[in-house]
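Hi,

Here is the structure I promised to pass on. Have a look at it first, then read my notes below.

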Amino acid sequence: IHALLSSEVRRPLAFYLAMEEYLARNFHGDYFFMWQVDPTVIIGRCQNPFTEVNLDYCRENGIDLFRRRSGGGCVYADPDNIMLSAINSAGGTFESRFSDFCSQIAARLRVMGLDARVSGRNDVCIGSRKVSGNAFYTIPGGASGCDRNILHGTMLFDADPDTMVRAITPSRAKLSAKGVDSVRSHITTVREHLPELDISEFKRSMAAALCDSEQMMTPEDIAEIERIEALYHSEEWIYGRHTPDTAVRRCRIEGVGEFAVTVGLQPAAAPGDAPLIAGVTLQGDFFPLCDPAENLLDGLRGVPLTRGAVAEALSRTDPAAVIAGLTREALLQLIIPD
């Protein structure tokens, strides 16, 4: 089903994130919709805006900043970047649902004559360059009582690479891991390969391939979406506990993501003992399957900062159930390197 708004007025990105939530929580069945926004940077659930975004440049140039609920990396969007949203009921594994969504997007691009394929954990590429990045999260117990998936991503129909490069500040490690020297050399656009194709025609083609009917959002629906939207505008949600301070340690785990790790300490219980962990914070573009603090990291508070003690504490958890692809061994190495 293709969910439609009652007008073509372009809204802030936060509205569409709220619309995804509203559909997932209140409607049965599968939904797909596309949207466009004024210049905006959107960061992943666990990212630090102070390290991922050129905040001064964004403020000076009227570029909005929002945080989404899904994991993954930082994205710059403008009216030439079509945003894709899909809502369906949970089933299968995280990896299979995510892969299915990305594969559908790549398949549709191939029908249009493009050499498109899924690359890595969440990208769609034309040739060797990225045209679409995607993210995923699950909402427990939707309208039918079953878990609901929200899958969303970008489609670079056209791009303003100069603004994109200035607005976001991905780490050199992330770029090196993808084998590129800059954001500019890593991306491509649909228009680069299909210069005669109109953006409206492209959207109609995507909708025809992925939808079998349409549902119009009512004024009552819009009012509820706007109520949810308010959260995404709050500074507490956008900036959270993040600060401009540099994290203690950075590491990239292939197939899982980039991590910035901060380990807070408190004095040892007795002279000569190891200090105790006051808290562990993980930032990065990894994909959380639930809240990492509540379901994983809070259990490390009060544990002595030794490999043995931390390994023992982690033995009672399954990090892969909290952060996609993360093993106990990898998490131990993040907290206390060899």
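Y16 and W35 are both buried (under 20% relative accessible area with a 1.4 Å probe, protein chains only; over 50% is exposed, in between is partly exposed). This is a predicted model, where local features need pLDDT of at least 70, side-chain atom pairs count only at pLDDT 80 or more, and totals for chains, interfaces and linings use all residues. Residues are numbered from 1 along each chain as its sequence is written, and side-chain values use heavy atoms, with hydrogens and water left out.

Y16 and W35 also make a stacked aromatic pair, 4.8 Å centre to centre with 15 degrees between the planes. Rings of Phe, Tyr and Trp (its six-membered ring) pair if their centres lie within 6.5 Å; planes under 30 degrees apart are stacked, over 60 edge-to-face, and the rest tilted. Y16 sits in helix α1 and W35 in strand β2 (residues 31–35), 19 residues apart. Helices (H or I, at least four residues) and strands (E, at least two) are DSSP runs, numbered from the N terminus.

A search of the whole structure turns up ten aromatic pairs. One of them is F157 with F202, which is tilted: 5.6 Å centre to centre, 55 degrees between the planes. F157 lies in the loop between β10 (148–156) and α5 (161–167) and F202 in helix α9 (residues 199–210), so this pair ties together parts 45 residues apart in sequence. F157 and F202 are buried too.

Cheers
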